Amino acid sequence: MKHWGWAIGAALLLLAAMGKAGAFEADAGADTDLSRLANMSLEDLMKTRVTTVSGRPSSRISTPAAVTVLTAEDIRRSGARNVAEALRLVPGMFVGRVNSSSWVVGARGLTGSSLTATRYLVLIDGRLVYDPLVSTTFWDTADTVLSDIDRIEVIRGPGATLWGANAMNGVISIITKRASDTVGSLVELGVGNDGERQAVMRYGAAKDENTAWRVWAKYADHGDFENAAGASIGDEWSSVRAGFRYDGVFTPTTDFTLQGDVYNEPKAMETVLLPVPGQDRQFQWQTTNDTVRGGNLLFRIRHGYNEPRGWFLRTYYDQTQRDTSRFGVSRRTADVEYRRWLDWGDRNNLIWGLQYDWTHDDIASGPVLLFDPSARSWTSINAFVQNTTELVDDTLFAMVGTKFTDHSFVGFQTQPSVRVWWTPTPTQTLWAAVSRPVRVPSRFEENGELVFAYVDTGAIAGGPPSGVIVPLGLSGTESLRPEKLLAYELGHRLQVGNGWVFDTSLFYNDYRTLVGVPPGIFGTFNSDASGVTYGLEFTASAQLTDRWRMEGSWSRLVTRIDGPVLKFDETNTPRTLAQLHSYLDIGADVEVNASAYYVSRIPGLGIDPYTRADLGLTWRPRDGLALSVTGQNLLHAQHREVTGAEIPRSVFAQAAFAFGH
Amino acid sequence: MWPWALLALLACLPAIALPASPSTDARLLQVEGAFLVNFLRYTDWPPQRFAASSAPYVVTVVGSQDAADAVAAVAAAAGDIRGRHVLVRRASMATAADRAAASDLLRGSHLVFVESSARADVDAVLDIVRGLPILTVADIPGFAASGGMLGLVQSRSRLGFEADPAAIHDAGLLVSAKVLKLATLRGAAR
């Protein structure tokens, strides 16, 4: 496997490095090109291409991957108040609310639980919000003002070579609007039953189309959830977040962005049952107000956007702190990425780049989670190269690429990927892809210890207490190998008539190496697991009338884990997901948005199948004012999604005022 | 670490060493310019349209400056055509003053090319040159079916063209059969 990654990479880099000697000098090429063109016969001219691979507008129909793009409109109509909830719209995506402040999010299985890995990369404007501590995303902090989101691109399946290690099962990329699109003032105030409240304020101004800025602040307060017995689980939380964005230009073809935000959770209650250190199998409930805060700053400069050649540089600094009753971690990350792209030879488009990522954490161990070493810095260096070729005019394309990663934990890795797509007509595409992504073990899997209980060595063996108390748990090890996946994907997209689009994706994931947990759960993480997942996702969407659009999807997943390990991933995810949405406009001022979601049983977590129904009404009595009421989980007073927390039926009302634009 | 040093070096190569393609628009205009050169090569004008045997072909482009520059660049690269240079100039129909000047420029041309950004001016241009031995070409859909002589059309990343032989004949021009046989024949309703 390593070898074909090397081969592809070497071939592409060789192309990129072909010397100035010979006919490849750009300017000289242009002149001989014109002279050749001017002397060409009509017959030859009629065979000459006039558009380039990246010059043609790319359409949704021809995208060679299982991609879902949630537009700002989709997000608004979903009634979601944060990013995690908005992701429910993605076909095949399992979004399970763990409690008031955390979610499990992932598609195509192996979504783990709140402490184990989810194999989905999450980025906001290119900044990683996926935490390498436990290889998961803390969704209470991966958030922003939803009205500032331009789109969320979700790729189910190994992120095309462009994203790094850990984009194994997919990538969620949240892209915010340019500041010139958010000019004026916006105030959103909302309140729900169950103690949910939200206030958003944003102000933006633009000097011209290219120079603009905005500042914003978001406050959200959430009530606590209950368990089946009706007792509060003590998870109420609130968050305050504020940020800014400035867009400008250095030259007409070079634009830049500076953006940043800070956040804090004034209230982050958590009630957990913890083992008491030094006591034989003693546990106690502990309620804490966790500390969660952080901030980040990002700068990006881009030259030749939408041109056949250009480059891009992005750098950011991110700092987070999370102190809970189980552990405390503060992390600093600095990242630089440089990328170039180029159309060459009439039929090719080459993209390549280099990224350097440094992160440092300081962990205060708690009774449940211990880390040794408690502070660690590590780096990962990524280089990628990807070439897209138009093999047959307008109809057959191939993309070949690879990523090279050098990560402190696992050394040098290659992640090759090949994609082919055929668009026999402008309304139909058939695509296929083979990729070999990698996931680097998390800090927890390398250096952590999860303590389930403290026990007396004598008593646990059935004899008299020996007085020696040891932790019984699951430990990490630095000898873990990276996870390797060989992913096969096949997809078809068809547009029929004026408004129907059908999208099908099939996948077969051969996990060659997986991080596993010993069958008895106590012991050490190992690399002895492997597995297979396969399934399909089907989406249909239709613009039924001018004012009425419907979308539906259905997905199926089969998971099998092999090896001398605990096979919790086989039963921790639902096998079947389905959803149906109806978006109806009545007159010019009223919207009725209805959604239904079905999630099949999750035997490993004891969750019964459920259907969730949401209904939202929005009324715009006058320009700049929107009043909306959203009811969620309307079918059941409460239901469980992942854990014992009962997700209640809820109603949320919001007023949005926009003025000055 | 040497693979990294190499990769870092490659990632920063400023002068890209591959035959870079021009942007789509520039490419399209250049190919259209090459078509115009061929039309010049294979069309006969009445001899009195030339002041002397060395007088140049005059091509007037109605459209963007980029279009005029692209056509001029290709014409320059083509050199002499049947012993004559090619003179390319631009006429703008933007203001009333421009239109007055354009009228003279257009009437004094051998070939007039209306580029798609000036599609609103097509009818005005055809009115000015009607009846004169001036070859009218445009890259606007439907041109050859509504009074124009040669229309460039794009299909699946390539250019082809349509011709109205009757309009060509009525203007007193002779376009070689070599060219017409490659065209899709159209004609305005009479």
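What do the buried residues of H5(B) pack against? They pack against strand S2 (57-62), H4, strand S4 (111-114) and strand S5 (135-138) of chain B. Packing here is contact, with C-beta atoms, placed from the backbone, within 7 Å. Helices (H or I, at least four residues) and strands (E, at least two) are DSSP runs, numbered from the N terminus.

This is a predicted model: local features need pLDDT of at least 70, side-chain atom pairs count only at pLDDT 80 or more, and totals for chains, interfaces and linings use all residues. Residues are numbered from 1 along each chain as its sequence is written, while chains are lettered from A and ligands numbered from 1 in the order in which they are written.

Start with H5(B) itself. Val122(B), Val125(B), Leu126(B) and Ile128(B) are buried; buried takes 20 or more other C-beta atoms within 10 Å of a residue's own, exposed 12 or fewer, and partly exposed lies in between. These four cover an arc of only 160° around the axis, so they sit on the same side of H5(B). The arc is taken from the directions from the helix axis to the C-beta atoms. Turned away from that buried side is a face with the exposed residues Asp123(B) and Asp127(B).

Helix H4 (residues 96-107) of chain B packs with helix H5 (residues 122-129) of chain B at about 55°, their axes 9 Å apart. Ser103(B), Leu106(B) and Arg107(B) in H4(B) meet Val125(B), Ile128(B) and Val129(B) in H5(B). The residues of this contact are four nonpolar, one polar and one charged.

After H5(B) comes Gly131(B), with a positive phi near 85°.

Note on methods: Axes fitted to C-alpha atoms, helices over the stretch in contact; angles between N-to-C directions. Contact = placed C-beta atoms within 7 Å. Nonpolar A, V, L, I, M, F, W, Y, C, P; charged D, E, K, R; others polar.
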